[in-house]
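Thanks for coming. Please have the sequence and the model open.

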Amino acid sequence: MSSPRPAHPAGPGQTPSPSAGLAAVSTALLAMSRHLEVRDVLKTITASARELLDAQYAALGVPDDHGGFAQFVVDGVSDEQWRAIGPLPRQHGILAAMLHEERAERLADVREDPRFEGWPAAHPDMSDFLGMPIRDGEETLGALFLANKRGRDPEGGRDPEGGRAPEGGCGFTERDEELLRLLAQHAAIALTNARLYERSRELTIAEERSRLAHELHDAVSQKLFSLRLTAQAAAALVDRDPARAKGELQQVTALAAEAADELRAAVVELRPAALEEDGLVHTLRTQIQVLDRAHAARVTFDNLGVRALPPSQEEALLRVAQEALHNALRHSGAGRVDVVLERRGAGAVLRVTDNGRGFEPGRVRRAGRHLGLVSMRHRAGGVGGRLTVRSAPGAGATIEMEVPGG
């Protein structure tokens, strides 16, 4: 995934103006705020730091519980270089030490630091170095590392005024350090928000799985109970009324088929959708085909020009579609449910319409029954979207969700 590139604060050998530096910081912060997934936020922070400070390499390490890195993201290293470097050591010298520091490190040559160790042989050569912890109060969320200030004269670098720095001086300046400190403060906010979003999503998924488990128990257990009673009745009739026994056995076959369909539909909902491999359109189409076979109601799907959307928006649309379909098929008594995915500008609109008994949205809220509407609104808002509910008693219902795209 390519991350948005902030504008360079200045070209090599030029003194960046305050307004140019602020513009670059603003661009970097906007890029970070566009993402909700932790991995995406980490990549964007790293790319933004490298471009903002005009460095050749950048990395961001997230600590684990054992003094090493749980995640490590790089920018400026090619795929071939990364493969040659191989697995990172658990303890990574000065980089791991930075996870326990509260202050920045600005070095003229990182290779001369006594903590410089554990660097793979295939690692690109590095000299001047700037490291900055990302902290939230007393907690260290990660550490940013930059190396090899671009535009620096290999024998001396350059000073803040655009000339050569004193021989042996660091290519990164005090101003670079201040910019990175500002970026790290906002990175802490972006990273914390992303973590909260992922935890919220995990809780929502757990709630959905619990709901589906209850649903599976209720639906399939009822079918199996009916099947058992019908089989017992058929066994009792075999000798004295073979014709009625045959009818009961046919009912057993029908009930067994219905139970299998219920189980299949529930398994499809429980299984994580392969959005990364199949995309939203294919995933929705497949699930709706299964639901159409598993239920008496006719369930249809139509895609009007939607191709690919940002991953977080695709997941939110899929989950809202599943919730709306659940309501329509389990509670509305609908004979038909239509799902339409339609392109709107750079984004898309999902529309789930049923011809069921309908409901009064305001009365549902007052009665404390939400039909999943709270969860659906939360999902829509979490990706910058909007949810609209239109229904009335006897008039069916339409759930519509619009997302902005990317």
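**Cores, sheet and aromatic rings**

The largest nonpolar core has 37 residues, and those with the most contacts inside it are Leu-284, Leu-325, Val-337, Leu-341, Leu-350, Leu-387 and Met-401. By nonpolar core I mean a set of buried Ala, Val, Leu, Ile, Met, Phe, Trp, Tyr and Cys residues joined through side-chain atoms within 4.5 Å. Buried is under 20% relative accessible area, exposed is over 50%, and partly exposed is in between, with a 1.4 Å probe and protein chains only.

Before going on, the basis. This is a predicted model, in which local features need pLDDT of at least 70 and side-chain atom pairs count only at pLDDT 80 or more, while totals for chains, interfaces and linings use all residues. Residues are numbered from 1 along each chain as its sequence is written, and side-chain values use heavy atoms, leaving out hydrogens and water.

Helices (H or I, at least four residues) and strands (E, at least two) are DSSP runs, numbered from the N terminus. Take Leu-284 as an example: not counting residues up to four places away in sequence, Leu-284 touches Phe-301, Leu-318, Ala-321, Leu-341 and Leu-350. Contact here means heavy atoms within 4.5 Å. Apart from this core lies another, of 30 residues, among them Val-41, Leu-53, Leu-60 and Leu-179.

5 strands form an open sheet in the order 6-7-8-10-9, with mixed pairing. Strand 6 (298–304) and strand 9 (386–391) stand at the edges with a single partner strand each, so one side of each has no neighbour in the sheet. Two strands pair if DSSP finds at least two bridges between them. On average, neighbouring strands of this sheet are turned by 10 degrees against each other, direction ignored. Axes are lines fitted to C-alpha atoms, for helices over the stretch in contact, and angles run from 0 to 180 degrees between N-to-C directions.

Helix 8 (residues 311–331) packs on the sheet and touches strand 6, strand 7, strand 8, strand 9 and strand 10 (397–403). The direction of helix 8 makes about 5 degrees with that of strand 8. Helix 10 (residues 373–382) lies across strand 9 and strand 10, at about 145 degrees to strand 9.

Within the sheet, strand 7 (residues 336–344) and strand 8 (residues 347–354) are antiparallel over 8 bridges. Val-339 stands opposite Val-352 in strand 8. The hairpin of these two strands has 2 residues between them, and Gly-345 there takes a positive phi near 65 degrees. Strand 8 also pairs with strand 10, antiparallel over 7 bridges, and Ala-348 has Val-403 in strand 10 as its bridge partner. Because 7 of its 8 residues are buried, strand 8 is largely enclosed by the rest of the structure.

Next, the aromatic rings. How many aromatic pairs does a search of the whole structure find? The search gives 2. Rings of Phe, Tyr and Trp (its six-membered ring) pair if their centres lie within 6.5 Å; planes under 30 degrees apart count as stacked, over 60 as edge-to-face and the rest as tilted. Phe-72 and Phe-145 have ring centres 6.4 Å apart and planes at 25 degrees, so this pair is stacked. Phe-72 is in strand 2 (residues 69–75) and Phe-145 in strand 5 (residues 139–149), 73 residues apart. Phe-129 and Phe-145 are also stacked, at 6.3 Å centre to centre with 25 degrees between the planes. Phe-129 sits in strand 4 (residues 129–136), 16 residues from Phe-145. Together Phe-72, Phe-129 and Phe-145 form one aromatic cluster. The relative accessible area is 13% for Phe-72, 4% for Phe-145 and 2% for Phe-129.

Last, helix 2 and the totals. Helix 2 (residues 38–52) has 15 residues and reaches 21 Å from its first C-alpha to its last, close to the 21 Å expected; the expected span is 1.5 Å times one less than the number of residues. Since 13 of those 15 residues are buried, helix 2 is largely enclosed by the rest of the structure. Asp-54 follows, with a positive phi near 60 degrees. The chain comes to 10 helices and 10 strands, and 48% of its 406 residues count as buried.
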